Amino acid sequence: MEDDTLLERTNRVNTLFDFYGALLTDKQQSILSLYYQDNFSLGEIAAEFEVSRQAVYEHLKRAEQAMEDYEGKLGLAVQYAHRRSAANELEALIKRLQGEDSRQMLELLSRLLTIEVKEQS
């Protein structure tokens, strides 16, 4: 159960980082990336930045809170999840159809999703 919670938290932070990471300071971006994406420990990050483990922990917490605040105001991650869910449902419906029209609709849906991913980056 604890592993599930940790994985959910990591996924949440990485999702928020995709949307709001550019709004963080360079140091916050680096620390979040090392901790959540590269799986560095607090001690390893502290050694890298020549600061205490507590300082790294505080940077992580402030950065996470900042991203949660951005999400609370802008809701980009939630909107993306809703659009993605709708796109998956639409794809399933299109796949039930037959013929050239269904192929063209799937291609168009794929193009829309590609545009969406590029805009997010």
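**Pocket, core and helix packing in a predicted model**

The largest pocket holds about 220 Å³ of space. The structure is a predicted model, in which local features need pLDDT of at least 70 and side-chain atom pairs count only at pLDDT 80 or more, while totals for chains, interfaces and linings use all residues. Residues are numbered from 1 along each chain as its sequence is written, and side-chain values use heavy atoms, with hydrogens and water left out. A pocket is defined on a 1 Å grid over the protein atoms alone, as an open set of points where a 1.4 Å probe fits, with protein on both sides within 12 Å along at least five of seven lines; lining residues have an atom within 4 Å of a point. Grid points are joined across faces, edges and corners, and the volume is the space filled by probe spheres set on the points.

The lining of the largest pocket consists of Leu6, Arg9, Thr10, Tyr35, Tyr36, Asn39, Phe40, Leu42, Tyr57, Leu60, Lys61 and Glu64. At least two lining residues come from each of H1, H2 and H4, and the greatest contribution, 4 residues, is that of H4. Helices here are DSSP runs (H or I, at least four residues), numbered from the N terminus.

One of the lining residues, Asn39, sits in the loop that joins H2 and H3. Its phi is near 60 degrees, which is a positive value in a residue other than glycine. Asn39 counts as exposed because its relative accessible area is 68%; the cut-offs are under 20% for buried, over 50% for exposed and in between for partly exposed, with a 1.4 Å probe and protein chains only. Glu50, which follows H3, also has a positive phi, of about 55 degrees, although it is not a glycine. Glu50 belongs to the loop between H3 and H4 and, at 73% relative accessibility, is exposed.

An α-helix has 3.6 residues a turn, so residues three or four places apart point the same way.

The largest nonpolar core has 19 residues, of which Leu24, Leu32, Val56, Leu60 and Met67 touch the most other members. Two or more residues of this core come from each of helix H1 (2-20), H2, H3, H4 and helix H5 (76-96), and H1 gives the largest share, with 5 residues. Such a core is a set of buried Ala, Val, Leu, Ile, Met, Phe, Trp, Tyr and Cys residues joined through side-chain atoms within 4.5 Å. Not counting residues up to four places away in sequence, Met67 touches Val13, Leu16, Phe17, Tyr20, Leu24 and Leu32. Elsewhere, Gln28 of helix H2 counts as buried, at 12% relative accessibility. With neighbours within four places in sequence left aside, Gln28 is in contact with His59, Arg62 and Ala63.

Aromatic rings were also examined. The count comes to 4 aromatic pairs, given that rings of Phe, Tyr and Trp (its six-membered ring) pair if their centres lie within 6.5 Å; planes under 30 degrees apart count as stacked, over 60 as edge-to-face and the rest as tilted. Phe19 and Tyr20 form a tilted pair, with 6.3 Å from centre to centre and 45 degrees between the planes. Phe19 is buried, at 18% relative accessible area, and Tyr20 is buried at 1%. Together with Tyr70 and Tyr80, Phe19 and Tyr20 make up one aromatic cluster.

Leu112 lies in helix H6 (residues 100-120) and is exposed, with a relative accessible area of 51%. Its C-alpha atom is 9.3 Å from that of Ala87, 25 residues apart along the chain. Leu108, also placed in helix H6, is partly exposed at 43% relative accessibility. Leu108 and Gln65 are 43 residues apart in sequence, with a C-alpha to C-alpha separation of 37 Å.

Conventions:
Contact = heavy atoms within 4.5 Å.
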